[in-house]
Amino acid sequence: MPNTANPLLTTWTTPFALPPFGAIRSEHFRPAFETALASHEAEIAEIAGNPDAPTFENTIEALERAGKALTDVGSVFWNLAATDTNPQLQEIERDMASALSRHASDISMNPELFRRVETLYETRDSLGLTPEQRRVLELTHKNFVRAGARLKTEEKDRLKSIMERLAALATQFSQNVLADESSWLLLLEESDLDGLSDDFRAAAARLAAERGAPGKYAVSLSRSSAETFLQSSARRDLRETVFRAWARRGQNAGETDNLEIIREILALRDARAKLLGFESFAAYKLDDTMAKTPAAVRDLLDRVWSPALSRAAEERAHIQKLVDAGGANFAVAAHDWRFYAERVRKDLYDLDQATLRPYFQLDRMIAAAFHVAERLFGLRFVEREGLDVYHPDVRAFEVLDRDGTHVALFLADYFARPSKRSGAWMSDFRSQHKLDGEVRPIIVNVMNFTKGAEGEPTLLSLDDARTLFHEFGHALHGMLSDVTYPLVSGTNVARDFVELPSQLYEHWLLEPAVLKQFARHAETGAPMPDDLLERILASRHFNQGFGTVEFCASAYVDMDVHERALPADVDVADLERQSLEKISMPEEIIMRHRLPHFGHIFSGDGYSAGYYSYLWAEVLDADAFEAFKETGDPFHRDVADRLKAFVYAAGGRQDAAEAYLAFRGRMPTVEPLLRQRGFLNAARS
C-alpha cells in the first residue's frame with residue numbers, strides 16, 4: 001500500500017490534530033508500522049554514528065525527537081486494540097508485540113549509542129544542564145542500563161529473545177482474558193430478576209437485545225454488570241454462576257487458558273532479572289521505585305494486613321448472623337458476600353444500591369469531576385461535538401485554562417462493549433512536551449459502565465463514580481503536564497507514585513459540597529437529602545475489611561511469584577493457593593485479581609511486582625488530602641497551586657520523593673492511610 005494512501009503516515013490537519021479516525025482502517029497499521037520502524041531505525045543509526053563528540057543536544061535531545069512517526073502510529077494502534085479491537089487488529093497486535101520489543105532492544109543495546117549516552121552521564125556535572133535536562137539524561141542512562149546496555153554480546157542476544165517472547169506472551173494473555181469476557185453471557189427470564197433494580201433490568205434487556213436475544217435479560221462479565229448483579233440478585237444459584245465465571249476468566253482450559261502462559265512468563269522474568277544482576281524480578285522492578293526493595297513493600301502490606309483481616313472477620317460474622325436470621329442453612333461463601341454485605345449496609349446505614357444509584361447519574365458525575373478540576377486548577381471543559389472520534393460512544397471535550405488558553409483535548413469512552421478489554425484506564429493519543437514548541441496532549445479515559453436503556457440516564461454505583469474520579473485524576477496528570485521533554489511528560493513517573501494523582505482525586509467525590517450540587521435524583525432532579533449524605537459519609541469505612549483483604553491478597557501473591565525462582569514445572573493454580581494459605585486468606589474472600597486474569601501484572605509488566613503501588617500511593621494520597629483538611633477548605637487555592645506545580649504538572653522532572661516533599665514539606669506516615677480505612681484503632685490494639 002503506498003504511503004500516500006495511508007492516513008497514519010500523513011500530517012494530521014484535523015481539529016486539534018486528532019488522528020483521522022474516519023479514514024483509518026485496520027489494514028493501514030501493518031504498513032504504517034513497517035515504515036515508521038524503518039524511519040526510527042535510520043534516525044537511531046544517524047545519532048549513534050554521529051562523528052561529532054556527544055552533546056546533550058545531538059544525543060539526548062536527538063533521541064527525544066526520534067521516532068515521532070512510530071509514536072503516532074503506535075498511540076492510535078494500542079488505544080484501538082484496547083478499546084475497539086477486531087480479529088485483524090489482534091493479529092497485528094500479536095505480530096507487532098515481538099517486533100517492537102526487538103526494536104526497543106536494538107536501541108538500548110546499541111553499543112555506539114550507549115557509549116555516547118554514558119560519556120554524557122559521566123560528565124553530567126560539567127555540562128551546564130538545567131535540572132530537567134539532568135533528570136532526562138540520568139533517566140535515559142538508567143533506562144539503557146536496565147535494558148541490558150552493559151551486557152556481553154551473548155547475554156544481549158539472550159535478553160533480546162527473552163523480551164520478544166515476553167511481549168508475545170503478554171499479548172496472548174490479554175487477548176485470552178478478553179475472549180473469555182466477551183464470549184460469556186448469562187441470559188435470564190423475567191422470573192430470574194428478583195432483587196434487581198429497574199435501571200439494571202432495563203440495561204440488561206438492552207444488552208440482551210444487542211447480543212441477539214431480544215425479550216430476555218443479560219448479565220455480562222464487565223465489572224459494572226457482574227458486580228451489580230452479585231450485589232443485588234436474590235437468586236443464590238445465579239449469583240454463584242456469575243461469580244464462578246468472573247473468578248475463572250483465563251482458567252477455562254482450551255485455547256484461552258492462561259496458566260501455562262503465566263508459568264513461562266514467570267520463568268522468563270526471573271531469567272531476565274538474573275541476567276541484569278538482580279536476585280529476583282521483584283528486586284529488579286522495585287529498584288526503580290519509591291519502595292526500592294521487596295522488604296519495604298512487605299512491611300507496608302503487613303502493617304495493613306493484620307487490622308484488615310480482623311475487620312474482615314467481624315464483617316463475616318455480621319453477614320453470617322444476617323444469613324442465619326433469615327433462616328438460610330448455609331455458611332457464607334465468596335459468591336454471597338457482596339449480596340449480604342449490601343443487606344448489612346441497609347441495616348446499619350439504611351443504604352442500598354436502589355437508593356444510591358439514582359443520585360449518581362453518569363452525566364452529572366462527569367460534570368462533578370469537571371467542577372472539581374475547575375475549583376482546584378481553574379480548568380474549563382467545553383464539549384466539542386462533530387469531531388472524528390474512534391467510536392460513536394466517545395465524547396470529546398476541549399480543556400481550557402482560566403484565561404481561555406487551550407490545555408488539552410479530553411476523550412471520554414465510558415461504556416462496555418465486547419470489543420473493549422475490561423477495567424478502567426487513562427491513556428493518551430499525544431503527550432505534552434515543549435521540545436520544539438508547545439505540544440498539548442490528547443488524553444482519553446476508558447471505562448466499562450453498563451449503558452442505560454434507550455432514552456434513560458446511565459446510573460452508576462458509588463464505586464463506579466469513584467472509578468470515574470480515579471481515572472479522571474490520571475487524566476489531569478496527563479492534561480496538566482508542563483515539561484519540556486517527552487521522557488518525563490505526564491504520567492511518566494515512578495510506578496508507586498503514579499497512582500497519587502488518581503487516588504487523591506477520589507477524595508473530592510464525597511465532599512459534601514460536591515455531592516449536594518451534583519448528586520441529584522434521576523427522576524425528580526432533587527438534590528441528595530442531608531440525611532442520605534450523612535449516611536453515605538458515616539458508611540465510608542463499611543466493608544473496608546473485605547476491600548483491603550481482596551486487594552492486599554493480590555499484592556502479596558504478586559510479590560510471592562516474582563520474588564523467587566520457581567520450578568520449571570510449577571503448578572500456577574497451586575502456587576496461588578499456597579501463597580494465600582501463607583497469609584491465612586479467608587475462604588469467603590478471593591483475590592481482587594486472580595492470577596489467570598491478573599492483567600495488571602501479566603498483560604505487560606507495568607504493575608508486575610508492583611500491584612502494591614495502589615496502597616503505597618494511598619499512604620501519599622491520604623496524607624496529601626490532609627493538607628487541604630488542615631486549612632478547613634477542600635479547595636484551598638495555595639494548597640491546590642502547590643499540588644498542581646509539584647504533582648499534576650511536574651511529570652517526572654524530579655524524583656518522586658522530592659516532588660512530594662516539595663508539595664507537602666515532609667514525607668508521609670502510614671497513620672493517615674489507616675485512619676482513612678478505619679483501621680487506626682485496630683492497628684494499635
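The model is predicted: local features need pLDDT of at least 70, side-chain atom pairs count only at pLDDT 80 or more, and totals for chains, interfaces and linings use all residues. Residues are numbered from 1 along each chain as its sequence is written, and side-chain values use heavy atoms, with hydrogens and water left out.

**The sheet**

Helices (H or I, at least four residues) and strands (E, at least two) are DSSP runs, numbered from the N terminus. Five strands form an open sheet with mixed pairing, in the order E3-E4-E5-E7-E6. E3 and E6 each have a single partner strand, so one side of each lacks a neighbour in the sheet. Neighbouring strands are turned by 30° against each other on average, direction ignored. Two strands pair if DSSP finds at least two bridges between them. E5 and E7 run parallel and are joined by six bridges. Leu409 has Ile442 in E7 as its bridge partner.

Helix H16 packs on this sheet and touches E3, E4, E5 and E7. The direction of H16 makes about 155° with that of E5.

| Element | Residues |
|---|---|
| Strand E3 | 380–383 |
| Strand E4 | 395–400 |
| Strand E5 | 406–415 |
| Strand E6 | 425–430 |
| Strand E7 | 442–449 |

**Asp393**

Asp393 sits in the loop between E3 and E4. Is Asp393 buried or exposed? Asp393 is buried, at a relative accessible area of 18%. Buried means under 20%, exposed over 50%, partly exposed in between (1.4 Å probe, protein chains only). Its side chain makes a polar contact with the side chain of Lys451, at 2.9 Å. Such a contact is a pair of N or O atoms within 3.5 Å; within protein, one must be able to donate a hydrogen and the other to accept it, and residues adjacent in sequence count only if both atoms are side-chain atoms. Leaving aside neighbours within four places in sequence, Asp393 is in contact (heavy atoms within 4.5 Å) with Ala412, Phe415, Arg417 and Lys451.

**Helices**

Helix H9 (residues 223–232) has nine of its ten residues buried, so the rest of the structure largely encloses H9. Among the buried residues are Phe229 and Leu230.

H4 (residues 87–108) and H7 (residues 153–183) pack at about 155°, with axes 8 Å apart. That makes H4 roughly antiparallel to H7, a term for angles over 145 degrees. Axes are lines fitted to C-alpha atoms, for helices over the stretch in contact, and angles run from 0 to 180 degrees between N-to-C directions. The residues that meet include Ala97 and Ser101 in H4, and Ala167 and Thr171 in H7.

Key:
Parallel < 35°, antiparallel > 145°, perpendicular 65-115°, else oblique.
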